[in-house]
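Welcome, and take a moment to look around before reading on.

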Amino acid sequence: MNILFVVSQQQDWPADIPGVTVIPAQTYLMDPAYGDTNTATKVFNLCNTYRYQSQGYYVSLLAEARGHQPVPDVQAMKDLQSETLVQDISEKLGDLIECSFARTADDFVDLNLYFGHDADQHHQPLSEQLFKLLRTPVLHARFERANAHWHLCSIFAGSVRDIPPHQQPCATQAAIDYLKEQKIRSNAPPSKKPSLAILHDPQRKESPSNPEALKKFLEAAELLGMHAELITPKEARHVTSFDALFIRDTTNVNHYTYQLSRQAIDAGMVVIDDPDSILRCTNKIYLNELLARHHIPTPETMVVHKGNVEQIVSTLGLPCILKQPDGAFSAGVMKIESEQELLTKVNELLKESELVLAQEYLPTDFDWRIGVLDQRPLFVCKYYMAPGHWQIIKHEHQRMSEGRTEALSVGEAPDDVVRIAVQAANLMGDGFYGVDLKQVGVQCYVIEINDNPNVDAGNEDAVLSDALYREVMGVFRKRIDARKGSVLP
Ligand SMILES: Nc1ncnc2c1ncn2[C@@H]1O[C@H](COP(=O)(O)OP(=O)(O)O)[C@@H](O)[C@H]1O
Ligand SMILES: [Mg+2]
């Protein structure tokens, strides 16, 4: 197993540890040697910040795409930014916190934690639990006494660069100790009835399923012996009383849908869309890395950063395409006609994200959309471009127009299109995906893998009709049954 300590600057990590390679983030992100490794690799992300779309964020995101094991992973980074973090930890560790400080005379205590070790060595069990929950190498926490009780006041990720010299030996030793440890835990609380919550937001105009499709999902669930209910975002906190969750609100990683999906998974539920799929599908940098790594054909693509902007035109020509990593509904995908326009747009995008994508421009009359569920093709559509436009959605004066949809049977689509789509979707997981491809001559190129694909009555179901809804519900039923079976004593 390769062990990498990835740091913002080479000199940030204070000591040599046998078996550990320390490298700067820029090298990890850009040097193909790190993208191509097939060896199991654990990546300790010790960058200065894990802020969304910072270098530190991309280290963990791309580590996941490369099949490496990042610490922290992107989920842990998100947890650290959660508004309810302090409250969540207090709920989970309240007794331990109380117990840990029972003999403390002071009214507050600051803990510096390195790989789960308390630098002052007074609060080891608590430190281990905090590390287990947050999976972040450097943490700073403050605890206070109020009304005769101890509380967590704040906790945040720290930077290895700021470890004071007298604590550096402790941090190094903690890293060594941690590297020796193995921690595996799995939880699968039992559930009783095959019940399914279908989450949708009636307030939203753009929804992955129209009301008619939602009705058909409910009917199909009943037909398969399940009890299904529509729940709205307001009712979402009751979600764990169900066996399964089907998300039919538009997902995003910075959104309650992601939190809820994670919460449902943590509660042992069957979930489509699962949180990892949401996370992976909603960042195009991740997607690009994953597809490249598995040799799935895509339009020629460059990962753009501040240092290689001038190579875009010579590599891709003009017009070319620029993509904001976390855009959706075509809104963050731009066609660039001139060098001047390129500079303006690239600089705008690089203000928001350390990395953005540039792609060769491949115009086609339609995008293939292959719906993949449970690692198999489920439906096929052609999504035509919006009238007079090069994308399937056209945004103009706050209006949105769309091209038409034509459903086909799976057998009618070219074999290559279906095969590559399934291969691509399987890289994401075994949930429900909409893979978009362009076909130019005999070549096909994956444009995107979407989690939470649209299923609208009258569009995607035009060939399969009610069978489409039954197929989706059938996968839920099968997985719920399997889960219940697996928890029998
Ligand atoms: N390289 C490309 N060449 C031509 N059109 C593209 C290219 N990449 C994306 N598009 C078009 O732009 C639209 C949105 O692209 P996509 O990458 O799927 O982003 P989004 O997440 O916004 O849907 C689609 O209509 C797609 O066909
Ligand atoms: Mg798309």
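## Before we start

A residue counts as buried when its relative accessible area is under 20%, as exposed when that value is over 50%, and as partly exposed in between. Please keep in mind that this is a predicted model.

Asp374, at 14% relative accessibility, counts as buried.

## A network of charges

Asp374 and Arg376 are partners in a salt bridge, with their closest N and O atoms 3.7 Å apart. Shared partners link salt bridges into one network made up of Asp374, Arg376, Asp430, Lys478 and Arg479.

In the structure there are 21 salt bridges. One of them joins the side chains of Arg135 and Asp73, at 3.3 Å from N to O. Arg135 sits in the loop between helix 6 (124–134) and strand 7 (138–146), while Asp73 sits in the loop between strand 4 (69–71) and helix 4 (74–81), so this pair ties together parts that are 62 residues apart in sequence. Arg135 is partly exposed, at a relative accessible area of 28%.

## Around ligand 1

Which residues are closest to ligand 1? Lys284, Lys323, Ser330, Asp367 and Glu448 are, out of 20 residues that surround the ligand. By class, this shell has 10 nonpolar, four polar and six charged residues. Domain 4 (300–360) and domain 5 (363–474) each give at least three residues to the shell. Strand 14 (320–323), strand 16 (356–360) and strand 23 (443–451) each supply at least two.

On its own, ligand 1 has 540 Å² of accessible area, and the protein covers 96% of that.

Lys438 also forms a salt bridge with Asp367, where the closest N and O atoms are 2.8 Å apart. Asp367 belongs to strand 17 (residues 366–373) and Lys438 to strand 22 (residues 432–440), so the pair ties together parts that are 71 residues apart in sequence. Both residues, Asp367 and Lys438, are buried.

## A covered helix

Helix 11 (residues 284–293) is mostly covered, with eight of its 10 residues buried. Among the buried ones are Lys284, Tyr286 and Glu289.

At the N-terminal end, Asn283 caps helix 11, placing a side-chain oxygen 2.8 Å from the backbone nitrogen of Ile285. His295 follows helix 11 and has a positive phi, near 55°.

Key. Residues numbered from 1 in each chain as written. Chains lettered and ligands numbered in written order. Predicted model: local features only at pLDDT ≥ 70, side-chain atom pairs only at ≥ 80, totals over all residues. Heavy atoms only, no water. Near = heavy atom within 4 Å. Areas by Shrake-Rupley, 256 points an atom, 1.4 Å probe, with all protein chains shown as cover. Helix = DSSP H or I, 4+ residues; strand = E, 2+ residues; numbered from the N terminus. Nonpolar A, V, L, I, M, F, W, Y, C, P; charged D, E, K, R; others polar. Domains from an automatic or database assignment. Buried < 20%, exposed > 50% of the residue type's maximum accessible area, 1.4 Å probe, protein only. Polar contact = N/O pair within 3.5 Å; in protein donor to acceptor, adjacent residues only side chain to side chain. Salt bridge = Lys/Arg side-chain N within 4 Å of Asp/Glu carboxyl O.
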